[in-house]
Amino acid sequence: MTQSAETAETQPTEVHMWTDGACKGNPGIGGWGVWMTAGEHSKELFGGEAQTTNNRMELLAVIEGLTTLKRPCTVVLHVDSTYVMKGITTWIHGWKRNGWRTADKKPVKNADLWRQLDEQVAKHHITWQWVKGHSGDPGNEKADELANKGVDQVRAGE
């Protein structure tokens, strides 16, 4: 095997991932969507829940996207949720140190999903990119469309 072939096999794949959550009523029917690309390949994921919140759908979108990856990857993760981005890059350290309690000693909301996200993030090298929602970013618009498909799927009883 040549050195370049070895390097190609051992280097993590670079994935660009856009995620979004939607909720009709908050709480209410919710959906999550993920659009990811790696080289010339792309993948769409979506789903939803009958009774949820927008923040849970935002978290679940990222979790579902990362869970789909079969091996460690370099991921550029585009999110329009400051809740998700600040939560996983800043707030989570204090929550873990405080036994999953906030600074004012209250239980962390959505701790079940934060724990899942923390587990998935540890498997990959992630660069977080915040994008303004509904501002014309093609990846964000696609993720939003998929999140709304998730809502429609739940409404249709699928």
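The model is predicted: local features need pLDDT of at least 70, side-chain atom pairs count only at pLDDT 80 or more, and totals for chains, interfaces and linings use all residues. Residues are numbered from 1 along each chain as its sequence is written, and side-chain values use heavy atoms, with hydrogens and water left out.

Ser-81 sits in the loop between β4 and α3 (82–97). Helices (H or I, at least four residues) and strands (E, at least two) are DSSP runs, numbered from the N terminus. Ser-81 has 6% relative accessibility and so counts as buried. Buried means under 20% relative accessible area, exposed over 50%, and partly exposed in between (1.4 Å probe, protein chains only). Leaving aside residues up to four places away in sequence, Ser-81 touches Glu-58 and Trp-130; contact means heavy atoms within 4.5 Å.

Strand β4 spans residues 73–79, and seven of its seven residues are buried, so the strand is largely enclosed by the rest of the structure. Both of its faces are covered. Cys-73, Val-75, Leu-77 and Val-79 are buried on one side, and Thr-74, Val-76 and His-78 on the other.

Strands pair if DSSP finds at least two bridges between them. β4 runs parallel to β1 (residues 13–24), joined by seven bridges. Here His-16 has Val-76 of β4 as its bridge partner. β4 also pairs with β5 (residues 125–130) in the parallel sense, over six bridges. Val-75 has Ile-126 of β5 as its bridge partner.
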